[in-house]
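Let's look at how a few charged side chains pair up in this model. Have a look at the structure first, then we can go through some questions together.

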Amino acid sequence: MRILGIETSCDETAAAVVEDGTKILSNVVASSAEMHAKTGGIIPEQAARQQIKSIIPVIDQSLTISHQSLENIDAIALTVGPGLIGSLLVGVETAKTLSFIWNKPIIPVNHLAAHIYANWLKVNKKPKFPALALVVSGGHTDLVLMKDHPSKGRGKLSWIGGTRDDAAGEAFDKTARLLGLPYPGGPAISDEAEKFKVKNPNVKLKMFPRPMIDEDNFDWSFSGLKTAVLRKVKEQESKRVKEKLTVPGLAAEIQEAIVDVLVEKTIRAAKLYKPKSLLLAGGVAANKRLREKFKLAISHQPLAIKFFVPPPKLCTDNATYIAAYANFNYPRFAKASRGESPIPWKEIKAEPGLNIVGEI
Ligand code: KG4
Ligand code: ZN
């Protein structure tokens with residue numbers, strides 16, 4: 001089964017063709033991040049305008065690269081939310097039009113739940129259920145349990161924790177800005193932290209607080225980190241400060257504070273729920289230190305759990321996992337002829353406020 005995935009929830013315009021939910025035949029991503037770097041963050045209207053410019057060429061290119069003719073495409077999978085309304089609308093209207101013209105079923109996909117499916121791509125052994133999944137993206141931080149694929153009756157995702165304020169990616173982006181680093185902040189902080197680590201491999205990184213780390217729940221709070229970093233930056237500007245901290249040093253401290261709490265609480269949840277697989281997903285999952293620390297933490301636990309994390313390129317927004325999600329959750333519809341989409345194409349609409357367990 002071959003599915004064309006379309007993703008336009010934020011500042012990436014992406015299309016991909018994926019076979020049987022695991023084999024990537026094409027993966028095209030056009031990003032307007034560089035444009036947003038100039039303003040230090042996303043301007044929704046500009047992101048939407050870029051989506052309009054990119055969507056047709058990106059879909060066109062993904063089909064060309066996949067070497068598949070239209071007859072070989074079984075269905076169109078599409079992100080309907082959450083995301084920026086203007087950006088989502090571009091994908092929704094394009095996919096509906098293509099579904100009508102090409103006579104293909106259309107499968108509406110929850111972007112957040114779909115992130116998890118990057119763990120099914122390019123793997124020899126698929127994750128086993130029950131699975132515990134941590135989704136860490138620019139706007140969301142969610143810990144969910146999966147008994148099965150969510151479309152199957154008993155497989156609905158159950159939410160066991162998440163952020164109470166800023167998302168993990170948002171914490172990277174906002175603190176990066178305080179350090180004068182470009183948007184998106186995650187990769188920038190990671191690069192700076194790496195420079196520090198190379199020169200100072202044994203320094204203990206304990207400068208910033210680890211909020212809620214000892215609380216008996218699976219929630220996080222990242223907004224305090226922003227304030228703590230701002231205070232430190234201001235303190236550094238004062239002439240009275242003797243020890244001057246560097247941007248790489250501060251970046252390493254920020255990264256360690258975010259990574260520590262994410263790993264600690266997720267591992268605690270793994271001990272309680274004893275899943276067979278632990279799945280990391282979302283843009284922040286591309287973070288080298290987070291991946292490293294999860295692997296280390298699991299190796300130190302007597303847990304019979306297999307850890308999955310997608311290649312960094314598949315963690316950040318793209319359309320491969322949108323297609324993979326549709327493959328494993330809606331195989332019946334992907335095979336069906338037109339008119340048998342999970343919901344009629346005319347009823348598919350953008351859902352900017354969808355959450356990870358939200359029904360479409
Ligand atoms: O999943 P994603 O690509 O888009 C959303 O759905 O939000 O996640 C984007 C987020 C941004 O906050 C970005 O700074 C962060 O992922 N990110 C990273 C890294 N690469 C992207 N954070 C930390 N380290 C990275 N290497
Ligand atoms: Zn995302």
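**Salt bridges and helices**

Lys232 and Glu235 sit 3 residues apart, about one turn, in helix H7 (residues 223-237); helices are DSSP runs of H or I of at least four residues, numbered from the N terminus. This is a predicted model, where local features need pLDDT of at least 70, side-chain atom pairs count only at pLDDT 80 or more, and totals for chains, interfaces and linings use all residues. Residues are numbered from 1 along each chain as written, chains are lettered from A and ligands numbered from 1 in written order, and side-chain values use heavy atoms, without hydrogens and water.

Q: What is the N to O distance between Lys232 and Glu235?
A: Side chains of opposite charge can pair when their charged atoms come close. A salt bridge needs a side-chain nitrogen of Lys or Arg within 4 Å of a carboxyl oxygen of Asp or Glu. Lys232 and Glu235 form one, with an N to O distance of 3.4 Å.

Q: Is Asp260 buried or exposed?
A: Asp260 forms a salt bridge with Lys293, their closest N and O atoms being 2.4 Å apart. Buried means under 20% relative accessible area, exposed over 50% and partly exposed in between (1.4 Å probe, protein chains only). Because its relative accessibility is 14%, Asp260 counts as buried.

Q: Which class does Glu170 fall into at 22% relative accessibility?
A: Glu170 pairs with Lys174 in a salt bridge, with closest N and O atoms 2.9 Å apart. Both residues lie in helix H5, 4 residues apart. At 22% relative accessibility, Glu170 is partly exposed.

Note on methods:
Helix = DSSP H or I, 4+ residues; strand = E, 2+ residues; numbered from the N terminus.
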